[in-house]
Amino acid sequence: MIDEITMKIHGDEIILAALKEDVTGEDLSTNCVLREKCMGEAELLCKQDGVIAGLFVFARTFKLLDPEVEIKFFAEDGQDVKKGQKLAVVRGDMRAILTGERTALNFLQRMSGIATATRRTAKLLEGTSLRLADTRKTTPGLRLFEKYAVRAGGGVNHRYNLSDAIMLKDNHIGAAGGVKQAIAAAKAYASFMTKIEVETETVEQAAEAAEAGADVIMLDNMSDEEMRRAVKVIGGRALVEISGNVTEENIERLKNIGADIVSSGAITHSAPILDVSLKNLHAI
């Protein structure tokens with residue numbers, strides 16, 4: 001689970017890498033207009049409706065540049081926000097505010113865009129027991145932040161990385177010689193604490209995975225009728241996940257299949273940003 005404590009432990013290196021990308025020597029634009037410390041403040045403004053996520057990352061970006069920067073928030077992660085809403089006031093050395101502005105906004109816009117897309121998609125599943133999960137289709141280096149944003153938007157996290165759980169996809173099954181062989185190999189190798197998920201493409205594979213003792217069975221790119229048949233043959237012996245090109249536009253058709261989870265890469269890899277800006281910087 002990605003929470004704020006995890007973000008604090010692992011997030012700094014991601015933020016610092018982004019700051020290093022933006023400043024290889026010095027911030028020429030800032031240093032030419034501000035030769036010494038000068039206190040100021042600016043407002044964080046929302047420019048479109050959505051869900052805000054990543055305020056801690058936004059704040060931490062400035063804090064890494066100047067620990068004395070103070071930020072007063074008027075919203076919190078997971079909250080619906082409106083166009084024109086003032087989200088925060090940033091106060092401190094204007095050199096740190098100017099240097100960190102783009103990096104801080106990039107993180108906040110990206111995370112808020114994912115939270116917004118997740119919220120919209122999850123709402124389409126309301127009234128069912130289906131849970132909306134993310135995937136590993138994330139921006140390289142930003143998975144921690146993007147999966148946090150999914151949770152802020154009301155989704156749940158699938159496995160974080162390859163060390164988190166066993167997921168036997170088509171090529172793993174091919175390498176092992178079949179579904180039963182792959183599951184048997186996983187059970188022989190893994191700790192009893194490790195869950196085993198199997199990606200299946202046919203009803204017959206789903207039945208085989210259930211019989212072999214998979215914990216989670218993914219129905220990948222099956223037709224609606226095939227998925228209903230697969231759920232029936234699985235018969236509650238495993239959690240059932242639906243996957244394969246799931247988007248906001250087509251997710252509603254999956255509500256009555258009888259699955260437990262629906263996963264969507266689109267909520268991370270195709271989410272547009274939520275437009276926010278830092279405005280009205282002035283000396284105080």
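A: Each axis here is a line fitted to C-alpha atoms, for helices over the stretch in contact, and the angle runs from 0 to 180 degrees between N-to-C directions. The model is predicted.

Start with helix α1, residues 4-22, and helix α5, residues 143-152. Their axes lie 9 Å apart, at an angle of about 145°. On the α5 side, L144, F145 and Y148 take part. They meet E4, T6, M7, H10, G11, I14 and I15 of α1. Sorted by class, this contact has six nonpolar, three polar and one charged residues.

Leaving aside neighbours within four places in sequence, I217 contacts residues including V198, A206, I234 and L239.

Now the charged pairs. The whole structure holds 13 salt bridges. In one of them, E41 pairs with R91, with the closest N and O atoms 2.7 Å apart. E41 sits in strand β1 and R91 in strand β5, 50 residues apart. E41 counts as buried because its relative accessibility is 17%, under the 20% cut-off. R91, at 38%, is partly exposed.

K86 and E43 also form a salt bridge, at 3.5 Å between the closest N and O atoms. K86 is in β5 and E43 in β1, so this pair ties together parts 43 residues apart in sequence.

Definitions and conventions
Residues numbered from 1 in each chain as written. Predicted model: local features only at pLDDT ≥ 70, side-chain atom pairs only at ≥ 80, totals over all residues. Heavy atoms only, no water. Contact = heavy atoms within 4.5 Å. Helix = DSSP H or I, 4+ residues; strand = E, 2+ residues; numbered from the N terminus. Nonpolar A, V, L, I, M, F, W, Y, C, P; charged D, E, K, R; others polar. Salt bridge = Lys/Arg side-chain N within 4 Å of Asp/Glu carboxyl O. Buried < 20%, exposed > 50% of the residue type's maximum accessible area, 1.4 Å probe, protein only.
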